[in-house]
Amino acid sequence: MCFNDNDEKLWREDPHEYVRKGYDIIEDLYSPRTASIDFITELVRKRGKENLQKFLTFIVEVYRRYDEAAPGYKPYRQKDGALLAVGALCDKLKQTEPYKSQLEQMLVQHVFPEFRSQVGHLRAKAAWVAGQYASINFADQRNFSAALHSVVAGLRDPELPVRVDSVFALRSFVEACKDLNEIRPILPQLLDEFFKLMNEVENEDLVFTLETIVDKFGEEMAPYALGLCQNLAAAFWKCMQSAEAEEDLDESGALAAVGCLRAISTILESVSRLPHLFPQVEPILLPIMQRMLTTDGQEVFEEVLEIVSYMTYFSETISLEMWSLWPLMINALDDWAIDFFENILVPLDNYISRSTEHFLTCKEPDYQQSLFKVLSSVMTDKNIEDHDIEPAPKLIEAVLQNCKGRVDQWVEPYLRITIDRLRRTEKKYLKDLLIEVIANALYYNPHLTLNILQKLAVATEVFNLWFHMLQEVKKSGQKANFRREHDKKVCILGLTSLLSLPSELLPEESLRQIFRAVLDLLVAYKEQVAETAKNNEDEDDDMDAWKTDDDEEEEDDSDKEMGVDTEDGDEVDSQRLHKLATQVHAGDEDDDSDDDFSDDEEFQSPIDNVDPFVFFSEIMKVMSVSDLRRFQILTQSLDFHYQAVANAVAHHAEERRVEIEKEKAEKAASGVVGKQ
C-alpha cells in the first residue's frame, strides 16, 4: 500500500500517466495496491472485532515513527501507505466508536500537516484523505475551514497529481460546506484553476467537482455560465480530437467527454430561470449539437439530447439555428436511434409546443410531413417492440393538442397508423396511449374524428375496445388501464366532446353509454387527484422523519462491531429476495407488470388549464339548452347510483369554477404587485 520506486519514477517522468493510472478502473483490476486495500476493507468489515484495533495500532505506530524521525530520515513512503489505509477505511471509522469521535483530532495531528510537506505524494495523499473525511461533524469549524483552504491551495500546486487529488477532495468539501461564504469570495479563481487543469488532464472527476459547485451555487453561477460553457465546450472538442487522432476514444477520454456534456446540462439547469442567458450560450453549444446528433455522436447521444432539451425548453424563443437540429434527430430516429426515442421525444415535443407557429407554417423543410413520415415508419414496423413505440403516440398527442383546429389534414393519417398498431399491440400501457390518440382526436374535432372512424369502418370496434378497457379490472381490484391522472383526463375530454355532437350522429344508446363512462371517469379522476394531493402532503410531513434502509444499517453498524459472521446477513438477503420474488409472481398473476406504468404527471400539456369537470358541465348545459329532449332522456334514464354521481359531479364542477376564478384573480393581483 506504500508509495514505491515505480510510483516515484512515473510521478517524476510522466505525471499525466501517473494520474491516469490512479483513476483508471481497469488498472485497479490488476493493481496489487487495490487488492491490498480491498483485503483490509473486507478484513475489518467481516472480522473487525479481532482485527480493526490491531490494524489501527499498527497505523498509529507508523505515525509515531514518522513524527519522531528527523526531517531527512522520515519514513515518507510508509506514512503515505498509512494515510491510504485510513482513507480507505473511512466508512467504517466514521461509524464506529471510539474511533468516530477521534477523527477530527487524527486529521489535525497526522493529515493536515502534510498539506505543507516537501514531498509531493504526501501532499496529494493529504488532500485525498481530507476529502474522505470532509463530511464529519467538526467540533471546531476552523479545522474544516483550514482544510478547505489547503485543498483549494492544492489546485495551484506545482505537481500535477497534487492538483488532481485536490480537485477530487474539493468536491467533498463543497458538498459538506454549510456556509458557502467560505467559497463564494474565491469562486472566480477556483473556476480559473479548474479550467487550467482541464486543459492539462482529461479526467471525469474534474467535471464531477465542477458539477457539484454549479449545483451548490445554482443561479449564482449566472455570471460564469458563458465562460463555463466555453471552457467545457473547448474541453469536449479536445477529447474528440484526441479520439480522432488515435482512431479510438480511450476510457478516460470518453468519460471526460461525457462529463463535459453533463456539466453543461447542469449549468443550463442552474440558470433555467434566466432565459436571457440561453441565446448567449447557443452559438457555443450549437456546433456540438449539430455534429453529435449524427452517427459521430452515438456514444454521447443521450447527453447531447439533454442539452437540446434544455435549450428548446428554457429559451424565450426557439431560433432558426436550433430548428436546424430537427432534421438531424428525425433522421437519426429513422435510421439507428430507436433506442433513444424516449430522449428524442422531449426536444421534439418542445419544438411543437413552444414554437408551434414555425412548426405549422414552415414548408422547407416540412416539419409536419417529416414527423408523420418517421412516426408512420416506427408504428407500422412489426419488428419494433411495443415498449420502444410509446413515445410515438405521445408526439401525436402533442400535435393534436398544440395545433387544435390547424392540422385537420393529419387527423386521418394519424388515426390510420394508430388503429393499425392498436390491433397488434399487446402491452397495456401502449394500448392506453393509442386509445388516447383517438381521445385527443375527438377533443380536437369530434365531428371530423367520428366521420373518419366511420369511413374506416372501425368506429364500433374502437369504442367497444375502449369501453372494455375502461371496465377491465386486475385481480387486485385496481383498474387495469388509464392509470395516470393524465390518461383519465384525456379520456374524459375525448368522450365528453362526443356529447356535443348532434343527435343524428350519435344514437341514444351510445350516448347513454358514453355519459355513464364519463361519470365513472370523473369520479375516478377526482379520487386520484385527492389521493395524490394527500400523498404529497404526507411526504412533506414525513420527510424529516424518513429513513432509508441504508441509514438504519449504518446505525446498526455504528452500535456494534461488524466482526460477526456474515451468515445472518445472507439470511436477511435471502428473505428479501424471497419477498421480492413473491411480489414478482403476484405481479405476473395480475396480468401485467407495473413496469408498464410510468407516472409522468410532471410533464406539461395544453390541456393542463382545462378542468374536466367544468368542461363536462358546460357541454351538458349547452345540450340542455340546444336539445332539451335529449338532455332529459339522458339524465332521466340514469339509475339511482348514476343520478347521485351526476349530481355530485355537477356540484364539484361549480366548486371548481369558483376556485378557478379565485386563482385567476389572485394571479392577476400578484402580477400587478410584481409590476409595481
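This is a predicted model: local features need pLDDT of at least 70, side-chain atom pairs count only at pLDDT 80 or more; totals for chains, interfaces and linings use all residues.
**Exercise 1. Which residues of α20 and α24 meet, and how are the two helices oriented?**

Step 1. List the contact, meaning heavy atoms within 4.5 Å. From α20 come Phe341, Glu342, Leu345, Leu348, Asp349, Ile352 and Ser353. They meet Pro391, Ala392, Lys394, Leu395, Ala398, Val399 and Asn402 of α24.

Step 2. Residues are numbered from 1 along each chain as its sequence is written, and side-chain values use heavy atoms, with hydrogens and water left out. Helices (H or I, at least four residues) and strands (E, at least two) are DSSP runs, numbered from the N terminus.

Step 3. Sort the contact by class. Ala, Val, Leu, Ile, Met, Phe, Trp, Tyr, Cys and Pro count as nonpolar; Asp, Glu, Lys and Arg count as charged; the others, Gly among them, count as polar. The contact of α20 with α24 has nine nonpolar, two polar and three charged residues.

Step 4. Take the geometry. Axes are lines fitted to C-alpha atoms, for helices over the stretch in contact; angles run from 0 to 180 degrees between N-to-C directions. The axes of α20 (residues 341-354) and α24 come within 10 Å and cross at roughly 5 degrees.

Step 5. Classify. Under 35 degrees is roughly parallel, over 145 roughly antiparallel, 65 to 115 roughly perpendicular, and the rest oblique. α20 and α24 are therefore roughly parallel.

**Exercise 2. How do α22 and α24 cross, and which residues make the contact?**

Step 1. Read the axes. Those of α22 (residues 367-380) and α24 (residues 391-402) come within 10 Å and cross at roughly 150 degrees. The pair is therefore roughly antiparallel.

Step 2. Assign the hand. The crossing of α22 past α24 is left-handed: the near helix is turned anticlockwise from the far one by less than a right angle, whereas clockwise would be right-handed.

Step 3. Name the residues. α22 supplies Leu371, Leu375 and Met379. α24 supplies Ala392, Leu395, Ile396 and Val399.

Step 4. Sort by class. The contact has seven nonpolar, no polar and no charged residues.

**Exercise 3. Are Ala457 and Phe482 buried or exposed, and what is phi for each?**

Step 1. Set the cut-offs. Buried means under 20% relative accessible area, exposed over 50%, partly exposed in between (1.4 Å probe, protein chains only).

Step 2. Take Ala457. Phi is near 60 degrees, a positive value in a residue other than glycine. Ala457 is in the loop between α27 (446-455) and α28 (459-471). With a relative accessible area of 64%, Ala457 is exposed.

Step 3. Take Phe482. Phi is near 50 degrees, again positive in a residue other than glycine. The loop between α28 and α29 (485-498) holds Phe482. At 3% relative accessibility, Phe482 is buried.

**Exercise 4. Which residues have the most contacts inside the largest nonpolar core?**

Step 1. Define the core: a set of buried Ala, Val, Leu, Ile, Met, Phe, Trp, Tyr and Cys residues joined through side-chain atoms within 4.5 Å.

Step 2. Identify the residues. The largest core has 209 residues, and Trp466 and Leu495 have the most contacts inside it.

Step 3. Trace Leu495. Not counting residues up to four places away in sequence, Leu495 touches Phe463, Trp466, Phe467, Leu470, Ile514, Ala517, Val518 and Leu521.

Step 4. Note the other core. A second, separate core of five residues includes Phe3, Trp11, Tyr18 and Val162.

**Exercise 5. Which residues does Ile619 contact beyond its sequence neighbours?**

Step 1. At 13% relative accessibility, Ile619 is buried.

Step 2. List the contacts. Leaving aside neighbours within four places, they are Thr496, Ser497, Leu499 and Ser500.

Step 3. Check one separation. Ile619 and Thr496 are 123 residues apart along the chain, with C-alpha atoms separated by 7.5 Å.

Step 4. Residues 24 or more positions apart account for 77% of the contacts with a separation of 6 or more.
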